[in-house]
Amino acid sequence: MKKIIASGYDHLSNFVEALTVGRFDEGGTVLHDGRNTVKLFETDGRRYVVKRFRVPHFFDRVMYTFFRGTKAKRAYENARRLEQEGVGTPAAVAYADTRRGGLVAHSYLVTEYTDYKPIRDLIKEEKYLHAMGVNALVDFIIALHDKGIKHKDLNSTNIVYRIDADLRFDFQLIDINRMSFGRMSRRECIANLTRICDETRLIYFISQKYAEHRGWDRNYSLGLLAFYRGKFENKKKRSAYLKRLFSPVA
């Protein structure tokens, strides 16, 4: 097993190690149980979120073992990078990689708990806070893009928010193992908006606001969005078709 503990969290070393040998299965409160499992733990009077990534397919196990970091490692390093850039994300506490047969198996990411809520519900609310929230959200995404930060799964569950007493919005990014850093072109910026939510009407509304805040030509920007949204939808359809094609018959 390999584990890395962030500075200031050395006292959690035994806790992190215990997660990999049974504590994750035996304890905690499930927050999400899908392809990966996310649980909430409390130790030493503080709450932490632990994400266990599923055991990768064989090819990815080889890649993660010898050629690139695991998803937990990448998420941990991206969290540290976001902190340096002044972008909100739950503080990275630790990550741990386990091995089976000499290859990476489960990997674990530990972060501080955050009570921020997904923007999914906020952007659907047809009221005063809806308009304020969308404008604040657009400014947040523009700030990300100006810093060259590209979240490759920028959707309404991976951006979370909180509103303070003065009705100011504060945002954080989660699920950050798939990110890139570097100068972004206009096309890349617009393409990055295609997954922001499931409803096409809302995507176009948010993208329109994005273009307005940027001072970009709205029609040209929405044309780019339509192109990339079409590519995204076609990719989803192909993936669904292939999944049905190769799924075992019951």
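## Reading strands, a helix and cysteines

Q: How many of the 5 residues of β10 are buried?
A: In β10, 4 of the 5 residues are buried, so the strand is mostly covered. Buried means under 20% relative accessible area, exposed over 50%, and partly exposed in between (1.4 Å probe, protein chains only). Strands (E, at least two residues) and helices (H or I, at least four) are DSSP runs numbered from the N terminus. The model is predicted: local features need pLDDT of at least 70 and side-chain atom pairs count only at pLDDT 80 or more, while totals for chains, interfaces and linings use all residues. Residues are numbered from 1 along each chain as its sequence is written, and side-chain values use heavy atoms, leaving out hydrogens and water.

Q: In what order do the 3 strands of the open sheet lie?
A: Strands of a sheet pair through backbone hydrogen bonds, either parallel or antiparallel. Here the order is β7-β9-β10, and the pairing is antiparallel. The edges are β7 (117-118) and β10 (169-173), each pairing on one side only. Two strands pair if DSSP finds at least two bridges between them.

Q: Which residues stand opposite each other along β9?
A: Take β7 first. It is joined to β9 (residues 159-163) by 2 bridges. K117 stands opposite Y161 in β9. On to β10. It pairs with β9 over 5 bridges, in the antiparallel sense. I159 faces L173 in β10. The hairpin of β9 and β10 has 5 residues between the strands, and L167 there takes a positive phi near 60°.

Q: Where do the strands of the 6-stranded open sheet sit in its order?
A: The order is β1-β5-β6-β4-β3-β2, with antiparallel pairing. Its edge strands are β1 and β2 (29-33), and each pairs on one side only. On average, neighbouring strands are turned by 20° against each other, direction ignored. Axes here are lines fitted to C-alpha atoms, for helices over the stretch in contact, and angles run from 0 to 180 degrees between N-to-C directions. Within this sheet, 7 bridges join the antiparallel strands β5 and β6. A96 stands opposite Y108 in β6.

Q: What does α1 touch on the sheet?
A: α1 touches β1, β3, β4, β5 and β6, and its direction makes about 130° with that of β3. Contact means heavy atoms within 4.5 Å. The buried residues of α1 do this packing, against β1 (2-5), β3 (37-43), β4 (46-53), β5 (92-100) and β6 (103-112). Those buried residues are S13, F15, V16, L19, T20, G22 and F24. Another helix, α2 (residues 58-66), lies across β5 and β6 and runs at about 70° to β6.

Q: How far apart are the end C-alpha atoms of helix α1?
A: They are 18 Å apart. The expected span is 1.5 Å times one less than the number of residues. Just after α1, G28 takes a positive phi of about 80°.

Q: How many disulfides does the count come to?
A: A disulfide is a covalent bond between the sulfur atoms of two cysteines. The rule used here asks for a pair of cysteine sulfur atoms within 2.5 Å. The count comes to 0. C189 is in no disulfide, and its nearest cysteine sulfur, that of C197, is 18 Å away. C189 counts as buried because its relative accessibility is 2%. C197 is in no disulfide either. C197 is buried too, with a relative accessible area of 6%.
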